[in-house]
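Here is a short briefing on strands, rings and core packing. Please look over the sequence and the structure first.

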Amino acid sequence: LHIFFSSPMQMFIDWDTEQTFSSFRYLPPQDNEGIITHYTLWGSTDWNNWTKLASGEFSNIVNNPIWQTIKVNPIKVRVLRFEADRLASGNRMGYGDIDIK
């Protein structure tokens with residue numbers, strides 16, 4: 001599993017092989033820097049063709065910075081692209097932890 005950023009607003013999670021997942025959990029940074037309020041989650045099996053898996057808002061995340069869960073229908077992907085469409089503050093997405101199942 002490799003996690004890296006292609007820009008201050010995009011996180012990639014690459015398994016090197018296809019994996020089935022149905023839940024993406026995001027723990028915001030506890031110092032309030034770069035908390036993602038609006039997101040889009042994409043999946044790909046080949047790095048070229050992307051499928052939009054989910055998008056939305058983490059409501060009340062600034063006042064309640066706990067684990068946020070994005071559920072999707074089980075799907076096989078090799079890589080996930082987690083995009084911060086809007087941040088509560090700052091210009092770089094932050095995270096405390098992520099959990100993918």
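Two strands count as paired if DSSP finds at least two bridges between them. In β2, phenylalanine 12 is the bridge partner of phenylalanine 4. The model is predicted.

**Strand pairing**

- Strand β1 covers residues 2-7 and strand β2 covers residues 10-27; they pair in the antiparallel sense over five bridges.
- Two residues separate β1 from β2 in a hairpin.
- β2 also pairs with β5, in the antiparallel sense, over twelve bridges.
- Within β5, glutamine 68 stands opposite tyrosine 26.
- A further antiparallel partner of β2 is strand β6 (residues 97-100), with four bridges.
- Aspartate 97 in β6 is the bridge partner of leucine 27.

**Glutamine 68**

- Glutamine 68 belongs to strand β5, which spans residues 68-87.
- Is glutamine 68 buried or exposed? Its relative accessible area is 12%, under the 20% limit, so glutamine 68 is buried.
- The glutamine 68 side chain reaches the backbone oxygen of isoleucine 66 at 3.0 Å.
- Not counting residues up to four places away in sequence, glutamine 68 touches Phe24, Arg25, Tyr26, Phe58 and Ile61.

**Aromatic pairs**

- How many aromatic pairs does a search of the whole structure find? The search finds eleven.
- One of them joins phenylalanine 4 and tryptophan 47: the pair is stacked, with 6.0 Å centre to centre and 20 degrees between the planes.
- Phenylalanine 4 lies in strand β1, while tryptophan 47 lies in the loop between β3 (36-44) and β4 (51-57), so this pair ties together parts that are 43 residues apart in sequence.
- Phenylalanine 4 is partly exposed, at a relative accessible area of 33%.
- Tryptophan 47 is partly exposed too, at 30%.
- Tyrosine 39 and phenylalanine 58 have ring centres 4.5 Å apart and planes at 25 degrees, so that pair is stacked.
- Because tyrosine 39 lies in strand β3 and phenylalanine 58 in the loop between β4 and β5, the pair ties together parts that are 19 residues apart in sequence.
- Both tyrosine 39 and phenylalanine 58 are buried.
- Phe24, Tyr26, Tyr39, Phe58 and Phe82 are linked into a cluster by ring pairs.

**Charges over rings**

- Arginine 25 lies over the face of tryptophan 67, at 4.2 Å from the ring centre.
- Over the ring of tryptophan 50 sits the charged end of arginine 81, 4.6 Å from the ring's centre.

**Nonpolar core**

- In soluble globular proteins, nonpolar side chains tend to be buried together.
- The largest nonpolar core has 23 residues; Phe24, Ile36, Leu41, Ile70, Leu80 and Phe82 touch the most other members.
- Which elements give two or more residues to this core? They are β2, β3, β4 and β5.
- β5 supplies the largest share of this core, with seven residues.
- Isoleucine 36 is in contact with Tyr26, Phe58, Ile61, Phe82, Ala84, Arg86, Leu87, Met93 and Gly94, leaving aside its neighbours within four places in sequence.

Methods:
Residues numbered from 1 in each chain as written. Predicted model: local features only at pLDDT ≥ 70, side-chain atom pairs only at ≥ 80, totals over all residues. Heavy atoms only, no water. Buried < 20%, exposed > 50% of the residue type's maximum accessible area, 1.4 Å probe, protein only. Polar contact = N/O pair within 3.5 Å; in protein donor to acceptor, adjacent residues only side chain to side chain. Contact = heavy atoms within 4.5 Å. Phe/Tyr/Trp six-rings, centres within 6.5 Å; stacked < 30°, edge-to-face > 60°. Lys NZ or Arg CZ within 6 Å of the ring centre and 35° of its normal. Core = buried A, V, L, I, M, F, W, Y, C linked by side-chain atoms within 4.5 Å.
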